[in-house]
Amino acid sequence: MRARTLATVILAAGLFAVPVRGDDPPKKTAWNLDEVLDQLAHHPKDPYLQYVALMLGIRDNREREVEEQIDRLNRPGRFEERAGRRNRADLFSTFTGALAIQESLQLDTMRGNRRGGRGVDIPKKAADPVDRPKDKAPEPPAPKKDDPPKTLQIDKLIGPAQKPHPWAKMLGDKKPEVGPLANCVPEDFWFAEFRSLAAVNQVTGLSELWGGHLFTQALGEARSQLTVERIKKQLGLLQLPPKALEAIQVDGVGVTGSDLFLGEGSDVTVLVEGKGIAGLLAVAMPVLKLRAKEEKGEHAGIAFGHYATPDGALNVYVATPRPELHVRGNSLPAFKRVLECVAGKDAKRLGESKEFQYVRTLMPYRAAEEDGFVYLSDPFIRRLVGPELKISERRRVLVYNHLRMIGHACLMFRTEFGRAPKSLNELAEAKCAPGVFGKGDLEHPDGGTYSLAADGLSGVCSKWGRAEALNPCIEHPAIEATSEEIDEYRAFVNEYNQYWRTFFDPIALRVQASPKQYRLETLILPLIDNSIYTTMAQVLGGPAVALDTLPTPKREIG
């Protein structure tokens, strides 16, 4: 266990030291702010320690002192130049989303930079006295005729305007094979394809290995998201015996989705094609029927079933449109889009696009070195940077931060009182939260509500669910943007256009995984004269280099 986690456990030790019997009033255990600050000096990026320190600072009227110490610890050598301005987390600049910036969002929220559904920051009262009568609030500025609108329809916002490549001209008269599964997914979804179920396990196992070792070391984070395991559980695939699945003869496996926020929660749809579908159903369907009741539906002329548990750990839509094709997904809107493609009722299918066909002339379908193929199309990248998804994810990130803060508040309350809180109001009354989540300064940014989970240890959002697995963005697309969202998105577009001035560039990845070799190829068109690509070419280009192998465990990547 890492030291930072141990420190959190030590601080929460009061949980075991405070006996509570029946309905006896809780006996409060005092926190010591100086001790928390001492622990924070050793673990400055621990969000829970930061939360506790800030809450105790509010109680002891030492809030500014705590904020400045956190700034110094997390930005060494830069505090003085930033002391007069509070730089907030940029919700559009990050690709990784909520998990990467929750710490910054929490600091913003605790300081008073609370971004909500009203599209404005709600500053807290100043810690120092100001030169105005206490009984008179400042007059709001009179609106001007040229003030920007408070809200705007999403389809009125203009995203990056790069034009597509002349794919038809580039393709010419070539007619490459694209495979049947590429015609079963929308062209504005990402798409991954594998030659077998065994190849899926090999490639996803490789991603888990790299994620669990290399990225952990690079990012300095010890927690594991277990993303693949969570998605398999949602799809009803986790408890299936891998060897039995790999023995089933299939011609291909496809995976698709509408965004790449897999770590936080995203829609994932799996397609399996081949003559062994009956064997797959014989293995997979009994597990679903044992765990949940089936609810039936129909879309695009295709019947489907829905299986779900109350906690959402299992949530899968299942269909077998034809004897040699099986489809299952964890989000109904995305699942329906796929069924429309399968039924031929979606006019924009990936396999029929000239763009995808052209890329398949460069990376041929079923090449010997292709165990897995991942494709991010031009329309998908447009969707990824477009206003609907960007603003939907922005709101979801803000909700995620609130949910994480509710969890911190619950743990702080339990540590002090020896029991779980009964409500969000009780958290605020006990000064374990900066207010009532969902009200006032902590209002929901997307029109939903917050509540405590049944165990009183975490929060639940009526729209986006739980922090550990948020509902996909495709289920709650943004319709209108607030003035703050408009300004931030336009700033994002301006910055994006500085880097990508001519074309949108699709991205293709080809993976080969074997017990003795991992091989990864990437194709990005065109290789523009850009410092990022130039550096990549310098580092990764040239002949292969033999690495000296040290006596390390076989499962390590050196």
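These legends describe close-up views of aromatic rings and nearby charged side chains in a predicted model. Residues are numbered from 1 along each chain as its sequence is written. In this predicted model, local features need pLDDT of at least 70, side-chain atom pairs count only at pLDDT 80 or more, totals for chains, interfaces and linings use all residues, and side-chain values use heavy atoms, with hydrogens and water left out.

**View 1. F191 and F356 form an edge-to-face pair.** Rings of Phe, Tyr and Trp (its six-membered ring) pair if their centres lie within 6.5 Å, and planes under 30 degrees apart count as stacked, over 60 as edge-to-face and the rest as tilted; by this rule the count comes to eleven aromatic pairs. The ring centres of F191 and F356 are 6.4 Å apart and their planes stand at 75°, so this pair is edge-to-face. Because F191 lies in strand β2 (residues 190-194) and F356 in helix α14 (residues 354-362), the pair ties together parts that are 165 residues apart in sequence. Helices (H or I, at least four residues) and strands (E, at least two) are DSSP runs, numbered from the N terminus.

**View 2. The charged end of R360 sits over the ring of F373.** The distance from the ring centre is 3.8 Å, where the rule asks for NZ of Lys or CZ of Arg within 6 Å of the ring centre and within 35 degrees of the ring normal.

**View 3. The charged end of K390 sits over the ring of F492.** Here the distance from the ring centre is 4.6 Å.
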